[in-house]
Amino acid sequence: MALVDYSSSDSDEPEPAAAAKRRKTSSHGTPPPASESILPPLPAAFHNLYASTVRVSTADDPALHQGRKRVNPHKVGSWPSHLYIEWHPTAAEHATLSKLVAALRAELSLPSPLDSFLTSDLGAPQPLHVSLSRPVVLGTAQRDSFLKKLGGCIARASVSSFALAPRALAWHRSSESARSFLVLRVCSAGEEAGTTAITASSKSSASRRAAPRGGRNPELSKLLAQCNAAVEEEGQPALYAYLDGSNDNDDQNQNGGGGGVDDAFHISIAWTFAEPTAEVRQRTERVFCGDGGGVRDEVLTMRVPVDGVKAKIGNAVTHISLPVRGKRGREE
């Protein structure tokens, strides 16, 4: 008895010409339609398995890192660590930001290259981040206890998942690394109304002082306070500790923030060793706001979903989830 009973006509019937033609075309390497070739996105947990940057040497060698120097020199038994919120721009968002960086390269003519954070050396899109700590160092014995402590601190912040929105493009000069960063200053997506798309250099000191105090980033401010508490217990410096909440810090004003912690949060998209002069800031504003504000408007409509805080210790990444707010505003 046959396992499958086929009629004799099934095997003898000639294949339709159209089907045979499609099969022949595919065998010659013609790609399938775009709708068939799109792969599903990787699950969010996949990004926690591998760090976006890898260690390429056991010694500190700036030549391997585009001239950059470690803030904390490498020592055996010490683990460089960082707390941050990670953002994976969509393909359209990545294209918009890449177009912006390319336009600035052409316009600014900097004495040092403007290197992008958007793409790896192999051309793959890279995640961006909002820092919630300085580069800190943990000892081997501190790692597990720190992660446990950090989880409790994040829970005490009582912050549910939320979203951020870019509110301005600015230059930030880092005294620690002697680098200048092109950054998107961010605010809570619920606070983006009334924000402007201009760089800080075009604002007067009076208009900066008129910015709302403590209102742009309520969620980030709470998370930062808890992350700072966790790292300070390990004898490490807090992030933005030099800011006293006033808007009179000249260095911050020149770097595109209002001077307070609430204005300091940002996403770096490119960097250079060149200093951002007044002319560089003006040209940056012209590129960002030019062509009828096309690039500016695209950037300001982007949203950065925040569902947790990441702790990178060495090359190990741990994701600490925030509670999800339900439809009725309750945490789930």
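**Exercise 1. A charge and a ring.** Over the ring of which residue does the charged end of Arg 143 sit, and how far is it from the centre of that ring?

*Solution.* The model is a predicted one, in which local features need pLDDT of at least 70 and side-chain atom pairs count only at pLDDT 80 or more, whereas totals for chains, interfaces and linings use all residues. Residues are numbered from 1 along each chain as its sequence is written, and side-chain values use heavy atoms, with hydrogens and water left out.

Step 1. The criterion is that a charge sits over a ring if NZ of Lys or CZ of Arg is within 6 Å of the ring centre and within 35 degrees of the ring normal.
Step 2. The charged end of Arg 143 sits over the ring of Trp 79, at 4.2 Å from its centre.
Step 3. Arg 179 has its charged end over the ring of Trp 271, here 4.7 Å from the centre.

**Exercise 2. The chain as a whole.** Describe the protein chain by its secondary structure, burial, contacts and accessible surface.

*Solution.*
Step 1. Counting helices (H or I, at least four residues) and strands (E, at least two) as DSSP runs numbered from the N terminus, the protein chain has 10 helices and 10 strands.
Step 2. Buried means under 20% relative accessible area, exposed over 50% and partly exposed in between, with a 1.4 Å probe and protein chains only; of the 332 residues, 39% count as buried.
Step 3. With contact taken as heavy atoms within 4.5 Å, 75% of the contacts between residues at least 6 apart in sequence join residues at least 24 apart.
Step 4. The protein chain exposes about 18600 Å², of which carbon and sulfur atoms supply 55%; accessible areas come from the Shrake-Rupley method with a 1.4 Å probe, and for residues only the protein chains shown count as cover.

**Exercise 3. The nonpolar core.** Identify the residues that touch the most other members of the largest nonpolar core, and follow the contacts of Leu 223 and Ile 85.

*Solution.*
Step 1. A nonpolar core is a set of buried Ala, Val, Leu, Ile, Met, Phe, Trp, Tyr and Cys residues joined through side-chain atoms within 4.5 Å. In soluble globular proteins, nonpolar side chains tend to be buried together.
Step 2. The largest such core has 61 residues, and Leu 132, Leu 150, Leu 220, Leu 223, Ile 267 and Ile 269 touch the most other members. Helix H7 (residues 218–233) gives the most to this core, with 6 residues.
Step 3. Leaving aside residues up to four places away in sequence, Leu 223 touches residues including Ile 85, Leu 132, Phe 162 and Leu 322.
Step 4. Ile 85 lies in strand E1 (residues 78–87) and is buried, with a relative accessible area of 2%. With the same exclusion of residues up to four places away, the residues it touches include Leu 132, Leu 220, Leu 223 and Val 306.
Step 5. Ile 85 and Lys 310 are 225 residues apart in sequence, yet 6.0 Å apart in space, C-alpha to C-alpha.

**Exercise 4. Aromatic pairs.** Compare the geometry of the pair Phe 117 and Phe 181 with that of Tyr 240 and Phe 265.

*Solution.*
Step 1. Rings of Phe, Tyr and Trp (its six-membered ring) pair if their centres lie within 6.5 Å; planes under 30 degrees apart count as stacked, over 60 as edge-to-face and the rest as tilted.
Step 2. The structure holds 3 aromatic pairs. One of them, Phe 117 and Phe 181, is stacked, at 6.2 Å centre to centre and 10° between the planes.
Step 3. This pair links distant parts of the chain, 64 residues apart, with Phe 117 in the loop between strands E2 and E3 and Phe 181 in strand E6. Both Phe 117 and Phe 181 are buried.
Step 4. Tyr 240 and Phe 265 are edge-to-face, at 5.9 Å centre to centre and 85° between the planes. Tyr 240 lies in the loop between H7 and helix H8 and Phe 265 in the loop between H8 and strand E7, so this pair ties together parts that are 25 residues apart in sequence.

**Exercise 5. Salt bridges.** Which side chains meet Lys 149 in salt bridges?

*Solution.*
Step 1. A salt bridge is a side-chain nitrogen of Lys or Arg within 4 Å of a carboxyl oxygen of Asp or Glu, and the count comes to 10.
Step 2. Lys 149 meets Glu 233 at 3.4 Å, N to O. Lys 149 lies in helix H5 and Glu 233 in helix H7, so the pair ties together parts that are 84 residues apart in sequence.
Step 3. Lys 149 also meets Glu 234, at 2.5 Å, N to O.
Step 4. Lys 149 is partly exposed at 24% relative accessible area, Glu 233 is exposed at 55% and Glu 234 is buried at 16%.
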